[in-house]
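Colleague: I want to learn how to read an interface between two chains. Can we work through one together?

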Amino acid sequence: MAAPVPPKTSAGRFFEDFRLGQTIRHATPRTLNGGDASLYLALTGGRFAPQSAETFARAIGYPASPIDDLLAFHVVFGKTVSDVSLNAVANLGYADCRFLKPAFPGDTLSAVSQVIGLKENSNRESGVVYVRSKGFNQRAEAVIDYVRWVMVRKRDANAAAPEPRVPKLPEAVRVADLGAACPRIDRAAFDPELSGSPHRFEDYRAGERIDHVDGVTVEEAEHQSATRLYQNTAKVHFNQFSEGQGRFGRRLIYGGHVISLARALSFNGLANAFHIAAINGGRHVAPLFAGDTLFAWSEIVETAALPGRDDVGALRVRTVATKNRPCVDFPWREGEGYEPHVVLELDTWALAPRRT
Amino acid sequence: MAAPVPPKTSAGRFFEDFRLGQTIRHATPRTLNGGDASLYLALTGGRFAPQSAETFARAIGYPASPIDDLLAFHVVFGKTVSDVSLNAVANLGYADCRFLKPAFPGDTLSAVSQVIGLKENSNRESGVVYVRSKGFNQRAEAVIDYVRWVMVRKRDANAAAPEPRVPKLPEAVRVADLGAACPRIDRAAFDPELSGSPHRFEDYRAGERIDHVDGVTVEEAEHQSATRLYQNTAKVHFNQFSEGQGRFGRRLIYGGHVISLARALSFNGLANAFHIAAINGGRHVAPLFAGDTLFAWSEIVETAALPGRDDVGALRVRTVATKNRPCVDFPWREGEGYEPHVVLELDTWALAPRRT
Amino acid sequence: MAAPVPPKTSAGRFFEDFRLGQTIRHATPRTLNGGDASLYLALTGGRFAPQSAETFARAIGYPASPIDDLLAFHVVFGKTVSDVSLNAVANLGYADCRFLKPAFPGDTLSAVSQVIGLKENSNRESGVVYVRSKGFNQRAEAVIDYVRWVMVRKRDANAAAPEPRVPKLPEAVRVADLGAACPRIDRAAFDPELSGSPHRFEDYRAGERIDHVDGVTVEEAEHQSATRLYQNTAKVHFNQFSEGQGRFGRRLIYGGHVISLARALSFNGLANAFHIAAINGGRHVAPLFAGDTLFAWSEIVETAALPGRDDVGALRVRTVATKNRPCVDFPWREGEGYEPHVVLELDTWALAPRRT
């Protein structure tokens, strides 16, 4: 009698499949090229100068035009999906995301995650899994490091739960930890006409609010192509047959696509905030669907000089994105929750050149 | 008096325009770059490691990350359309398709076809044309070699028909003819975590059935962009004005896009079957339309060691794709025909690394 | 008390913000790579051989496969939008567009415009602005030079208007000014099978009309992706929320996308007219919307030898594109206006190889 054939397909990990301290090396490494940068731009609308033009990037001090920070983030994030969140009920949040090295065309990104927290829900049907994920380049240098936590179904509600362990996460990345992915900038070479704005670090003030004015309508083909570009296989973005029978009756747009669109819209007002140095936290307050039009506004929460650097300064930016509602009056929280059109609240540290 | 101006546009060849033994060099040669690979990935969802990562490809023995086999196939196929199948009533099938050399970014593919069979239909209004098409790289090395046959309209039903000649085609490519496009692989370097699966050649058995689980919904913009990427100009894929008045009232999705989507879905279960060495045959059982969700399952029909090679083995894989119907119960043939949701039956030889 | 925070977002220039002779350097420079070429091809359907294949381009005398002329044009045009036409009521036309240098993957394009004419409308609510825009590569060589004029709203109807000044524009680019972007071609190497047509410069005659036969239906995701690829931010193409409340209730397709689609369709009949040397003028007669199917036909208006060159000749081509109407009977003008399905009239000089 033949031995049983082992299962070939993966159903994804359930809550009880995770162990504290467990390390997961993710498939599939991915080499990024100039075409990825172009496609990312075509799908999201980026216009930040260093990511758009070799000439601009080299003039200010990059060895080449860097891959957009969020494109690198999505590629790293995408790898973790089949191992971490295939059975996720909800993506609850991310924190402590630091960009540690720029990525360039030709770089190959891979990802490794470690389970840093586990907590069963009181209904025993699911639990929260905390992972710290790191993206590496082909020289094994860490490029991105972040924590995310997801609610994952249990395979069996009666399965024993591990000791609850919730990691302590910083409310924001420390200023001293910013800037590792940004080479020293020649701020005199940061041409304000080519970059699209005369405003520098010193021109922004805590409390300042900026409506990013424009709106962008999302199509199914766009968010699907973007999400596949990142090799993110979460079913909810691609399968209308099953999603049509689900809670929303629609495919959900990958939250990362929403973040990228909001970032692209933010060019109008933050054109010189050319690099995202950290993501302090993010909340996908409500789902976005194809046909919706996304708007965004930002508040400068804080401004900070970087220790030892006079070339760039850090702006802590809270960007709020809405659907089907312009942001001229800065919609945000209402009562205990959010203004009903809000879909995203994102807290980042962005770098901008200092005055010459 | 001026000579008459010759016609500038092509109406395509009709059945009576083909001659046995005729050779057709096709327009337009096409140089593939990394952007084509990225776009292909964004449109179809591939995750096979050697095609995704330079590092992985080089580690196992490729000189660079190869262009996806099916992308190369579609580009070669696309060139033949305006010369062979512009007046096709139906694409009847392909056979004896062998991948002979890997293609890499920077390679330029061109195509040449030879008419190897002709058979008028009994109604005299059309006939079947058999062509052997070859794709070449810029060094005039054959990269792909395959036969397809199409039913082509006659310009004039009364036109004389040639002696019928139907080529003898192999039911499957011989095992001895597999592997030319696959360099010797360092199987110890084939990292199972990075590739997404621990399963090797020896883990698959004839008769084994694998449900690929996931489904993917196709949008008009996606299949049009993919088909244009291959410079395939078949009208049925692009012209809603004329197709709206046609048999289906809709644009048809290029069958090759369906094959690519099914291949991408097959990653879940066949992640290490990294190279398609041959397509034994394919049938587009029913059309796929935008809005449909594609599912797929595969059966391992046969496993074969490759003569003289201990690095890779060949899996003969029959992949069946359905629309709007999950494949958990392996829908396939029913009575004389097919289960009504089946859209594709594809018979390939895929290579997977052997155990170390 | 703190100084007031300066406004960070741009509302775009109004008519009274333009001054005769004013020079505007535009954001954002953009480096084009092979991925841009592939994506352009996937979105528009180009098949002209030199732009498709390195081998073909080099054989005839290019140092590399050039970036499609219209892709370079759209990228340069796109940069001017936020500075020139964000408050445009209408894009009235372009003229005197000359292609001066080929662009290649790796080149970085930037743009500068000069205001060369201003004329307030009689209602005093808007005015026409004429700009000459130039695209430069990273060596500060002019690549493209053209004039366009747009009707721009006034911020304040009572604002004083400048002395009217309307530039004199040539009805067509002079033959002596054509060909700067086209290297000397080895016409014997211009392979008619690979290029898709045996017809050379001498085969075309003034007055000849060519129906380009095929039609292509446009999807929202396609025109949005194309327009973002050019970093053209005109709101009317992206924001269904606001456009849904506007004149058409729909997003408008960027006129340049229509031009590119018509150019791609013209391959069927003009396959060897491989290079657009000049755009004499263009009129977007009516808007195109997603779901519409575009058709096109061309008339050879004039043929001209190029002074000092025996390798290529110039065809003056008037291409007319229609929506949802085949062009077999060459629809064009009717009475004072246009046949109601016409969306585009475009007058170009295209180069084709001469007979050997």
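Colleague: What rotation superposes chain B on chain A?

Modeller: First, a caution: this is a predicted model. A rotation of 120° does it, with 0.0 Å of shift along the axis and an RMSD of 0.0 Å. The two copies are thus related as by a three-fold rotation axis.

Colleague: Which residue of chain B comes closest to the rotation axis?

Modeller: Look at B:Gly35. Its C-alpha lies 2.2 Å from the axis.

Colleague: Why do the copies meet through different surfaces?

Modeller: Compare the interface residues on each side. Only 7% of those in chain B are also interface residues in chain A, so the surfaces that meet are different. The contact involves 46 residues of chain B and 36 residues of chain A.

Colleague: How much area do chain B and chain A bury between them?

Modeller: About 3200 Å², with 54% of it on carbon and sulfur atoms.

Colleague: How many salt bridges does the rule find across the interface of chain B and chain A?

Modeller: Look for a Lys or Arg side-chain nitrogen within 4 Å of an Asp or Glu carboxyl oxygen. Here the rule finds six. One of them pairs A:Lys8 with B:Glu208, whose closest N and O atoms are 2.5 Å apart. Polar contacts between chain B and chain A come to 25 residue pairs, both residues at pLDDT 80 or more.

Colleague: Which helix gives the largest share of the side of chain B that touches chain A?

Modeller: Helix 1 of chain B, residues 34-44, with eight residues. By class, that side of chain B has 17 nonpolar, 17 polar and 12 charged residues.

Key
Residues are numbered from 1 along each chain as its sequence is written. Chains are lettered from A and ligands numbered from 1 in the order in which they are written. This is a predicted model: local features need pLDDT of at least 70, side-chain atom pairs count only at pLDDT 80 or more; totals for chains, interfaces and linings use all residues. Side-chain values use heavy atoms; hydrogens and water are left out. Copies are superposed by least squares on the C-alpha atoms of residues with pLDDT of at least 70 in both. Contact means heavy atoms within 4.5 Å. Buried area is the accessible area (1.4 Å probe) that two parts lose on being put together, summed over both. A polar contact is a pair of N or O atoms within 3.5 Å; within protein, one must be able to donate a hydrogen and the other to accept it, and residues adjacent in sequence count only if both atoms are side-chain atoms. Helices (H or I, at least four residues) and strands (E, at least two) are DSSP runs, numbered from the N terminus. Ala, Val, Leu, Ile, Met, Phe, Trp, Tyr, Cys and Pro count as nonpolar, Asp, Glu, Lys and Arg as charged, and the others, Gly among them, as polar.
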